[in-house]
Amino acid sequence: MKLQRILAIIERDMRKFFRSPALMVSSMIFPLMQLVVLGYAFGGKIKGIKVAVVDEDHSTASRDVRQRFDAIEAGPRTLAIQNYSFLSDAEVDLRTGFVRAVIYIPRDYSRRVDQGNRPRIAFIEDNTDNFVTSEVLNRMQSLVQDLNQGLNPFQPGQRLSVPTPRLNPLIDLQVVELYPYIEYIKYLLSGSIAMAIFIVAMIGGGITFIDDKSRGLHEGYLVTPIKKSELILGLIFSGAIKGLMAGTSITLIGGLIAGIDRLWDPVRLLYLGLVLITTSVAMISFMFLLMVRVSDPLVPRAMFGVLNTLLYFPSGAIYPVEGFPPWLRWISYIDPFTYAVHALKALLLKNTGFVGIYTDVAVLLGFSILLVSLSVAFFRRQI
Amino acid sequence: MNTTETNAIEVDKLKKQFGDFVAVKDVSFTVHTGEIFGLLGPNGAGKTTLIRMMTTLTPPTSGKAVVGGHDVVDDADGVRHAIGVIPQALTSDPELTARENIAIHAKLYGLSASQRKELIPHLLESVGLTEFRDKLVGSFSGGMRRRLEIARGLVHSPKIMFLDEPTTGLDPVSRSAVWEMINKLKEASGLTILLTTHYMEEANQLCDRIAIVDHGVLVALDTPTKLKDSVPGTDIVEAEFDNPPADWNATIEKLDGVASVTIHDGVTHIATNRGPLTVGELMDLARERGVTVRRVSVQGTTLDDVFLYYTGRQLRDAASETTRYDMSHLYK
């Protein structure tokens, strides 16, 4: 064994490493990014949960309840209160996912308060996200407890300027869960489907595309009369078909494993197909735009982990977006994963139909059109 | 400028600059319809850049090129329809079969299903790959892939074919097969072929006319025979001597029939019109003057000598391909 030979191999590897920015990024930036993104994506304080309040009582007592909600919105900002006139409207928005819970103050609330006859407040929750549900329910329970004790919920021990009538008997919070219990595996399924599409996009739109380019295969196509828009659309649609195949497989197999109810509902399958197609096109065009000027085959491989962290975790696939700090929320807004996960959750967990997914589908489509246009603009037809 | 019926390609002061580096410097030439035209030069001479400009893959910095009657800048699409291109890299898809590779290309040129059905077996047959038609190209040898790519480049019956270093990296047998195919193509279809090469033998065997390119400049252009004739002397004697006296070159120049004596990398090149006799006289002279002859060889003028004559340096990449009478073993 000769030290010189070992040193020669070390020298060779170190020289190659320092001359490859992609590898350096992958090995140094990726763990840091994972630390920051994962660190903030899990267990953050959940804020801005959209809650509908329907006050049919319109009384001093009910106004007191609403003021307490307003105080939560202004203080810890856990809730984003939206006032509704009719319970039916609020229920529609709850089922379609525009609000996460409905707080209903019935017409007889103040009368029962006055009579001391078990005044009731109904809390109807979209229990498909256990993190959000438990946060809102905790707030509600402490609010009712405070009401019952006549205390200001935010300055314990201090009385409100307008004294709350001491109730006897106490307010009864009636909790209605909209859906059967959702296991975490069902919650995760949407993210896994989006992940399958992402992996196909990464391999097809990233790794294979750059490999073919570096092997010179593209030169064979570029000398033909093919237009760059034709070449890009061809590559994007082939990637989208592969993404659709992967997404469909994971939806069905994962759906069976997770035990999604009525998985074979044909209408839902149709909408799932629509979401999978738009997600596939959006993901592959996103990947294509990132890679349009890349020629080093190491780059897509090095970016795989970075993109995975940057797109999957902020999407709300494993923890609700409402728990993210503002900068992470911004990433989630421009992340196609977010809309895919939201739409898939709407269909798989709530079976909302088109009304629960059309915003996501529209965003994904708009996103795709923008990305494809940019890809065509940036693609070099020449060498 | 329009290509006339006799000119398939017209290149006028074509230039390509990458930053400060000028890869092609104001090159002008014409390629006649139906001829095999060779761009001969070492690696880095600018041949691939030239071919890429003519095939619309790289925009020229200045100058003009008209290919098949279409300007490469103003009517790139017209050029692409008129040409078939076999780039230097192997560009067939290894994950597809031979037939699939040709079929995909045929679709890119808009050939109908019936045209494809008729044409693809014919093309595969013409390049001797019929029995491998359903095999993945990844399992092919370099020569087979090259032949497949030639077939693929012919799928739309182009008027002009560009082959960039068509035999680089191929073994001698595959190389001969590719040469044979190129010759057949020319005879059968009257195709105009422009090829680049750094192999002297390839240029000599295939090309009707050769343009010698070095450092981005076209230094000579003619038929192989005329290019060889343009070098003084009909034979070249190459010799290496130990401790020659100061007037040694001048002494050799005085030998009967010697046209010129040059030294390149320690090797004396003697252009003479009576090669074997000059060798004999040289040996006598060396014995008289006490000069040791380490090596001597003689051959007819080759394109290597042409290259040396016009560029002042040898085409080293082609050294292993030359067929010289190396007599060095006699003097060891």
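Student: In this predicted model, what distance separates the centres of domain 1 and domain 2 of chain B, taken over C-alpha atoms?
Tutor: The domain assignment of chain B gives domain 1 as residues 7-223 and domain 2 as residues 231-331. When the centres of these two domains of chain B are taken over their C-alpha atoms, the separation between them is 37 Å.

Student: Which residues are in contact with I193(B), leaving aside its neighbours within four places in sequence?
Tutor: I193(B) is among the core members that touch the most other members. A contact here requires C-beta atoms, placed from the backbone, to lie within 7 Å. With the neighbours within four places in sequence left aside, the residues in contact with I193(B) are I36(B), F37(B), M161(B), L163(B), I182(B) and K186(B).

Student: Which helices are included in what covers the buried residues of helix 4 of chain B?
Tutor: The buried residues of helix 4 of chain B are I120(B), L123(B) and L124(B). What covers these buried residues includes two helices of chain B, namely helix 3 (98-108) and helix 5 (142-153).

Student: Which residue takes a positive phi just after helix 4 of chain B?
Tutor: Helix 4 of chain B is made of residues 113-126, and the residue in question comes just after this helix, with a positive phi of about 70°. That residue is G128(B).

Student: Which helix of chain B gives the largest share of the side that touches chain A?
Tutor: Across the two chains, 17 residues of chain B are in contact with 13 residues of chain A. Helix 2 (76-82) and helix 3 of chain B each supply at least two residues of the side of chain B that touches chain A. The largest share, three residues, comes from helix 2 of chain B.

Student: What radius of gyration does chain A have?
Tutor: The C-alpha atoms of chain A, taken along the principal axes, fill a box of roughly 90 × 55 × 40 Å. A compact globule of 383 residues would have a radius of gyration near 21 Å, but the value for chain A is 26 Å.

Student: How many residues of domain 2 of chain A are in contact with domain 1 of chain A?
Tutor: The assignment for chain A gives domain 1 (49-177) and domain 2 (184-378), and their centres, taken over C-alpha atoms, are separated by 39 Å. Eight residues of domain 1 take part in the contacts, and the number of residues from domain 2 of chain A is 12.

Notes. Residues are numbered from 1 along each chain as its sequence is written. Chains are lettered from A and ligands numbered from 1 in the order in which they are written. This is a predicted model: local features need pLDDT of at least 70, side-chain atom pairs count only at pLDDT 80 or more; totals for chains, interfaces and linings use all residues. Helices (H or I, at least four residues) and strands (E, at least two) are DSSP runs, numbered from the N terminus. The expected span of a helix is 1.5 Å times one less than its number of residues. A residue is buried if 20 or more other C-beta atoms lie within 10 Å of its own, exposed if 12 or fewer, and partly exposed in between; C-beta atoms are placed from the backbone. Domain bounds come from an automatic or database domain assignment. The radius of gyration is taken over C-alpha atoms; the globule rule is 2.2 Å times the number of residues to the power 0.38. A nonpolar core is a set of buried Ala, Val, Leu, Ile, Met, Phe, Trp, Tyr and Cys residues joined through C-beta atoms within 7 Å.
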